[in-house]
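Colleague: Could you walk me through this one? I am new to reading models, so please spell out the terms as you go.

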Amino acid sequence: MTPSFLILAAAAGCICLAVGATLWMLAQSRRTDERVRALQAELTLARARTEAAQASAEAFDSALVAVEDGRAVLASGAESLAACAALFGLEASDPQGVINALMRADPDHARRLRALFERGEPCAFEARGTRGVVSVEGRAAGALAWLRLTALEAGDSGLPTAARFAAFLDARAEPAWIAGADGGVLWANKAWLTAVEADDCADAIARGLSLDRSTDSLASEAANLGQRREATKWLAIGGRRRAFKIVAEPLEGGGVGVIAQDQTEVEKTRETLQRHVQAHDETLNHIAEAVAIFGQDRRLSFHNAAFAELWDLEPAWLAERPTHGEVLDRLRQRQRLPATADYAAWKASELARYEALKPQADDPWSLPNGRTLRVVHQPHPMGGLLLLFSDITDELKLKAEYRGLVNVQQATLDKLSDAVAVFGADGRLRLHNEAFVGFWKAAPADFAGVVHFERVVELAAPRLHDQTFWLELKGRIADPDPQARAPASGELRTSDDRIASWLSRPLPDGATLIAFADITEKRRMESALADRSAALNEAERLKREFVGNVSYELRTPLTTIIGYSELLERAGESLSERARGHVASVRTAATQLARSIDDVLDMAAIDAGELALDIGDIKVEELLAGAAQRRAHDSEASQISIVTEGGEAVGLIRGDAQRLGQILDHLVENGLRQTPPGGTVTISAVRAAGEVRLQVSDTGRGIPFHVQAHIFDRFVGRERGGPGLGLALVKALVELHGGWVDLESEPGAGAVFTCHLPETAQLGAAQQELGL
């Protein structure tokens with residue numbers, strides 16, 4: 001590259017640099033001019049705004065004070081500042097002096113102003129001076145704090161500012177807000193914002209929040225109609241369902257002020273009251289008494305089903321809520337009211353009860369149909385009159401019957417020889433008879449009126465001094481413990497040497513019956529009877545010993561006589577015919593005498609309860625055949641036939657074979673004795689109705705009717721037509737088996753003896769261990 005070329009290039013670069021610098025300078029100059037013009041325009045605008053702000057501040061009679069670093073400077077409103085200073089009694093209208101006066105007026109004012117100056121917190125309050133009130137509004141802008149001071153007139157001194165009123169509404173615990181014509185919120189207090197979970201009003205408006213759409217509709221309706229609207233709404237706030245009374249009031253200048261008043265407790269109380277009223281009405285509908293409630297207007301406000309049924313009134317007519325007088329007139333037309341000579345006066349007296357303030361006495365109504373009603377007139381707590389109709393016809397009848405029963409009971413007790421008294425649980429003497437008064441040798445007047453147990457003790461103490469007994473008796477009357485009131489009885493001796501028995505019995509109604517009886521003669525009689533019983537027992541013992549001894553003494557020679565007579569009969573060929581007849585007679589008489597002795601011993605054993613049965617299974621057929629066989633010799637001698645029937649069909653019977661055979665022997669012997677030659681004695685047995693019947697019948701001369709009543713008596717003499725001891729023993733042995741015996745006979749037609757025996761023998765006390 002040549003030097004000239006380099007020089008040329010350098011010159012060209014310098015020229016370009018100079019041209020660029022010139023162009024840059026021209027551009028900067030143009031920008032500077034534009035900036036200057038813009039600043040001049042902004043300065044002009046600022047001057048205009050300042051003048052407008054100054055004018056506006058002065059137009060509203062307010063003083064505007066700027067505060068920076070604790071120094072106050074008046075921005076505008078010198079006259080307003082002077083008015084504010086005058087209200088605080090300051091001679092000079094110095095801004096700093098006015099601010100100092102504001103801070104001295106109230107500690108809260110000083111706190112709010114310091115918060116404004118130091119932290120820029122806005123404030124609004126009213127300061128009261130010695131001569132008036134100054135409205136203060138504070139705002140912060142950058143490093144400056146601005147105060148607008150306004151001297152309030154006398155008529156406006158009590159009205160809060162908008163900010164103060166907003167603070168007042170914010171302090172409410174219940175929602176309050178201002179809504180537009182469409183119901184949307186324009187401003188709301190803190191309670192409303194908390195309920196809808198919004199940060200501030202701008203947030204709520206931006207999100208379209210609402211407390212409830214129905215409240216928006218209510219506010220819109222109030223705005224469109226220009227009228228106050230109220231409604232009660234149940235709203236869910238804070239997770240809890242609450243009742244609010246919503247009041248929407250159109251505001252002057254537009255918008256609607258809405259206030260929500262918490263009515264939860266009121267509504268709950270109203271609902272509770274309504275439920276109680278419904279329950280009360282339902283309860284009244286289930287009671288038997290007729291109930292009617294007339295309101296303050298004297299119209300029927302409630303009646304139960306029993307009321308309509310009692311008076312037979314139409315439900316449709318009662319639903320029209322007739323007046324009390326109309327109800328009485330209809331009942332009179334149907335002849336259902338008590339008969340009265342002056343109905344108008346009677347009706348007026350009934351309606352006059354609405355003026356009474358206290359409950360009135362019950363009024364009995366005697367109706368034409370014979371029923372009696374008890375009518376209760378009672379002022380209703382909510383005004384009006386409550387009527388209660390009770391049918392006491394049956395009650396009066398029962399009372400009359402009860403009084404009759406009491407009179408009968410009293411008359412019955414008075415006829416008793418025992419002294420009877422009834423004491424209530426309270427210790428009062430409820431009932432006593434005449435014998436009770438006489439038992440304690442008292443006068444009837446002593447037991448007249450209300451008599452307590454202590455008074456009875458005083459009257460009875462001269463005859464019975466034992467206080468322990470009276471205390472125990474008092475416990476049985478007054479102590480509610482069932483153990484203490486348990487039945488008790490005993491004996492005691494009185495001071496006049498009487499023996500008395502007493503008893504205590506609890507009654508179902510809680511009362512206690514006390515009875516005393518004079519048993520002096522009874523005890524004397526019992527003592528005499530005891531002595532007599534002892535003597536009889538001793539006589540019975542002597543009788544048994546005598547019978548035993550005599551029987552033993554008689555049996556010994558009888559055994560000898562019977563033995564020798566049998567020997568003589570065996571040696572009969574060496575005896576003459578006449579001698580053999582004498583020997584047979586001696587043996588027969590000895591045998592009969594032995595049987596009589598056995599019967600006497602058996603009867604004595606039965607009387608003493610010492611005869612034991614040997615129970616076992618017995619074939620009835622063999623029992624009948626044995627009885628016939630044992631009397632075959634006698635029947636042949638008497639030319640009388642013995643027939644047995646039914647034994648095989650009966651089968652077995654439980655009993656003592658020896659004693660049942662003894663029964664049949666006596667009955668057959670009796671039949672042979674009563675039957676003439678050529679007759680028949682029948683021994684039969686039959687099973688029927690859970691028993692076995694053993695019968696012995698004959699074709700003899702029968703038994704006279706006057707003898708039949710004593711046929712089973714002991715030791716009936718032959719001169720009276722009785723058979724002796726045999727039939728009495730038959731009756732005793734049958735009864736010992738648990739049965740019974742009867743007789744059927746007519747004179748000249750024979751006799752039938754029937755022994756009714758149970759299929760299974762019922763043992764007596766002397767042989768209980770043998771029961772099967």
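Predicted model: local features only at pLDDT ≥ 70, side-chain atom pairs only at ≥ 80, totals over all residues.

Colleague: Okay, what is the order of the open sheet with strand E2 in it?

Modeller: The order is E2-E1-E5-E4-E3, five strands with antiparallel pairing. Helices (H or I, at least four residues) and strands (E, at least two) are DSSP runs numbered from the N terminus, and two strands pair if DSSP finds at least two bridges between them.

Colleague: And which strands are at the edges?

Modeller: Strand E2 (71–76) and strand E3 (123–128) are the edge strands, each pairing on one side only. Further in, strand E4 (residues 133–141) and strand E5 (residues 144–151) pair in the antiparallel sense over eight bridges, and Ser135 stands opposite Thr150 in E5.

Colleague: Which strands does helix H3 lie across?

Modeller: Helix H3 (residues 95–105) lies across strand E1 (62–68), E2, E3, E4 and E5, and runs at about 115 degrees to E2. Axes here are lines fitted to C-alpha atoms, for helices over the stretch in contact, with angles from 0 to 180 degrees between N-to-C directions, and contact means heavy atoms within 4.5 Å. Helix H4 (residues 107–119) lies across E1, E3, E4 and E5, at about 145 degrees to E3.

Colleague: What about the sheet with E17 in it, which strands stand at its edges?

Modeller: That open sheet has five strands in the order E17-E16-E20-E19-E18, with antiparallel pairing. Strand E17 (429–432) and strand E18 (488–493) stand at the edges with a single partner strand each, so one side of each has no neighbour in the sheet. Strand E16 (residues 419–423) pairs with E17 over three bridges in the antiparallel sense, where Val422 stands opposite Leu431 in E17.

Colleague: Switching topic: how many aromatic pairs are there?

Modeller: The structure holds 20 aromatic pairs. Rings of Phe, Tyr and Trp (its six-membered ring) pair if their centres lie within 6.5 Å, and planes under 30 degrees apart count as stacked, over 60 as edge-to-face and the rest as tilted. Trp177 and Trp192, for instance, form a tilted pair, 6.2 Å centre to centre with 40 degrees between the planes. Trp177 lies in strand E6 (residues 176–179) and Trp192 in helix H6 (residues 190–196), so this pair ties together parts that are 15 residues apart in sequence.

Colleague: Are those two tryptophans, Trp177 and Trp192, buried or exposed?

Modeller: Both Trp177 and Trp192 are buried, where buried means under 20% relative accessible area, exposed over 50% and partly exposed in between (1.4 Å probe, protein chains only).

Colleague: Now helices: at what angle do H12 and H13 cross?

Modeller: The axes of helix H12 (residues 324–333) and helix H13 (residues 343–351) cross at roughly 145 degrees and come within 11 Å. Among the residues making the contact are Leu328 and Arg332 of H12 and Trp346 and Glu350 of H13.

Colleague: Last one: why does Ser635 count as buried?

Modeller: Ser635 counts as buried because its relative accessibility is 7%. Ser635 lies in helix H21 (residues 632–638) and, leaving aside its neighbours within four places in sequence, is in contact with Ile640, Ile642 and Leu672.

Terms used: Residues numbered from 1 in each chain as written. Heavy atoms only, no water.
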